[in-house]
Amino acid sequence: MKKLLVLVFISISVLVNGQENLSYQRPPEEIAKLLEAPLTPFVSFSPDKQWMLLLERSDFPTIEQLSRPELRIGGLRINPENFGPSRGNYTIGIKVKRLSDNQELEVKNLPTPLTGSSVTFSPDGKRICFIQNDASRIELWVIDVATLTASKLSERKLNTAMGGYTWLSDSQHVLFTAVPNGLKPLPEKTRIPTGPIVEENLGKKAPSRTYQDLLKNRYDEAAFDYYTQSDLILKNVFTATEKTLSSAAIHSDFTPSPDGKLVLTEIVQHPYSYLVPVYLFPKTVNVIDLNGKLVKEIARIPLLDYIPTGFNATQREPRGHNWRADKPSTLVWVHAQDDGDPKMKADIRDKVFTQDYPFSGNAKELIALPLRHSRIVWGNDNVAWVYERWVSDRKERVYQVNPATGQKKTLFDRDYDDGYNNPGSVITETNQFGLNTIMIKENSVFLSGAGPSPLGDMPFVDKMDLTSLKKTRQWQCVAPYYEYFITFLDSKKGTFVTSRESNTENPNYYARTLGSSKVTAITSFPHPYPQIKDVKKQVLKYKRADGVELTADLYLPPGYKKESGPLPGFVWAYPREFKSADAAGQVKGSPYTFTRLSWGGPIYWVMRGYAVLDNASMPIVGEGDNEPNDTYVQQLVASAQAVVDHAASLGVLDPTRVGVGGHSYGAFMTANLLAHSDIFKAGIARSGAYNRTLTPFGFQAEERTYWQAPEVYYQMSPFSYADKLKEPILFIHGEADNNSGTFPIQTERFYNAIKGHGGTSRYVVLPYESHGYAAKESILHTLWEMDSWLDTYVKKAKEKPKDEKVNLKY
């Protein structure tokens, strides 16, 4: 690979060099300035709702930063220079806003430069902890809210490769993982191997998806041990004393009990695997006290490489160990009753158990579930909500359980793809332990939801009586705004915070009171990109040939008038699978949302004179016993034809000049559309997978293996039809893609197949980039590539003789 960038272009009519030495390029300023617009601060609230944190976010690292040393082992990406994750965005500024008078205040003595992460309030809201990520060490810092002064909390170097920190409920102690003292340097890898690498399977079924960054040899194992081991430290924030609770172990998780007297730990154990990542490695689950003494060994979990295929598959052993949030020290866990195998017939799939300290008696069964356990939201002695799901039929049930008596009743039984009937999520509040539990007022709870409807999302807050289950609407968003619930400020007074936006107003935070229409601004963040303030947005509703209802977000350039004629178009989409046409056809999103820009989205091209069709519905439906992917290609082409035809019927889109693009599964979609239709002039496929035989144990929402459905795998793979793909296609792929299934070889082999059949294609490899691109240089260059491709093959497209040469902008 070239040091900076490998670019390849092959054309039917033009013979050029197979490779170019090309430096990073910058797209037109209309695009570049939008990408470089300042980011709006991230916001969070203190537990007592007296303070709002305003966290200034970093934008993009440089390619130099991305190219620094990185270990890719055990499914992790580790910076060997500081024992932390090698990739991430940081907090580069911290301010606090006092909500009583809306005054914004500076924090003194922050590290310079600030590269913070994991910024959290203590349970009492009097302190704020954060991690400072320097190039050679990671530190734990604390801010005293009373003085708004920051200071380093410990001289120990943190290890956050798998660990981090957490507050105890007393707000006086913090648990964190530190690099072991006296750790000697890791020996250099020897050039001469001691023998071959051998893997063996003796008749045990061990199917696995295609994982990246796995261990490959004994040296990788040693490096994994070295960079993930840590000491678990208990720090007293007031006295500055430190105590080591567990030393030189791989702490994959550690959770203090609600009363702050015990710690639930998960520690990774040998033997490791070269086929699965660390979260499937063996581990022990223990409870220790604040002196590090073992209270109880809870479970020994073996290597989990045996888990069957399928989205409802899980481990045979107890799983999901945690603390009951409303009790001082009660453990809760889930145990599969079907050996974790969704193909096994079973009336009860999961059971949930609890056990009180000192964990000496028999565990108590909380509930038996006919579907797979999803989550629990704890309330009080008499109320807990237990969720279960089953992916294959999109079923979700929510039960209200009385933890004292075991009595239960069904609250909701629904198709979770059915947004129109989504009751929302139960609203929680912080309890005496600093943990979130269901907010229960006079035998009622509150629900907040996005409020999908035929008119688009209209978020709401409902009140529900726990006895009758009757719901009454307390508040709902009103057009022309998109506004949604954030948190209650004072549940007794009914005051709460929302985020509100519109097509022309960027999101800001507001205070409201239930039963009142008065709204008070809390923030006044400026418009991040005023140059697109006059962009026109419209949610289109139309039908596929088979009657399935579809939607797309149409964006038109500022000042555009239909009399000026139809525009070239750019369709951007990501297919989704559904088990019902009704659910697939529901309106997604809101016509009143602010136009947000992400580095990977298509909206930039509205400023380049395109009609942009974002979030175009591409549902793949399989009702009853039919699997969605059995007719994937036919449904995909029909959806694409429908969006182009409808936009053309409005007079805003030139159907002879439309491009299509997508990222990941959207790239897979793009290649299939070009291979199986002539709807589009060109395509852009980023970081996709194109040969499904390379993901033989399932992909996306496909649970069947290649050997169970070989025809589906073949027909869905655009690689199988490389000889049919004649429209120009631009491939972009991160050299270090770590997403399951999207190895860069997917694009490399597909490009070579198209090249071998004389197709028009370009293959761009971005050095050091993962599945999502990070470096500013890489993103700007990606936008330049996309703009050049669209300009050449879509905007300026024309019918041409096959021997006519194409003049490229490259």
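## What counts as a cavity

A cavity here is a set of grid points where a 1.4 Å probe fits but cannot get out. Keep that in mind as we look around this predicted model.

The largest cavity holds about 30 Å³ of space.

Who lines the largest cavity? You'll find Asp253, Thr255, Leu264, Thr265, Glu266 and His321 around it. Two elements each give two or more residues to this lining: strand 18, running 251-256, and strand 19, running 262-268. Strand 19 supplies the largest share, with 3 residues. Sort the lining by type and you get 3 polar residues, 2 charged and 1 nonpolar.

## The largest nonpolar core

The largest nonpolar core is made of 61 residues. Inside this core, the residues with the most contacts are Val571, Leu613, Tyr632, Phe680 and Phe731. Which helix gives the core its largest share? That's helix 5, covering residues 632-649, which puts in 9 residues.

Let's pick out Leu613, one of those with the most contacts inside the core. Setting aside its neighbours within four places in sequence, Leu613 is in contact with Leu540, Ala552, Asp553, Leu554, Phe570, Val571, Trp572, Val643, Ala647 and Leu653. Val571 in that list is also among the core residues with the most contacts.

## A second core

There's also a second, separate core, and this one has 36 residues. Among them are Phe83, Tyr226, Tyr227 and Val276.

Notes: Residues are numbered from 1 along each chain as its sequence is written. This is a predicted model: local features need pLDDT of at least 70, side-chain atom pairs count only at pLDDT 80 or more; totals for chains, interfaces and linings use all residues. Side-chain values use heavy atoms; hydrogens and water are left out. On a 1 Å grid over the protein atoms alone, a cavity is a set of points where a 1.4 Å probe fits but cannot get out, and a pocket is an open set with protein on both sides within 12 Å along at least five of seven lines; lining residues have an atom within 4 Å of a point. Grid points are joined across faces, edges and corners, and a volume is the space filled by probe spheres set on the points. Helices (H or I, at least four residues) and strands (E, at least two) are DSSP runs, numbered from the N terminus. Ala, Val, Leu, Ile, Met, Phe, Trp, Tyr, Cys and Pro count as nonpolar, Asp, Glu, Lys and Arg as charged, and the others, Gly among them, as polar. A nonpolar core is a set of buried Ala, Val, Leu, Ile, Met, Phe, Trp, Tyr and Cys residues joined through side-chain atoms within 4.5 Å. Buried means under 20% relative accessible area, exposed over 50%, partly exposed in between (1.4 Å probe, protein chains only). Contact means heavy atoms within 4.5 Å.
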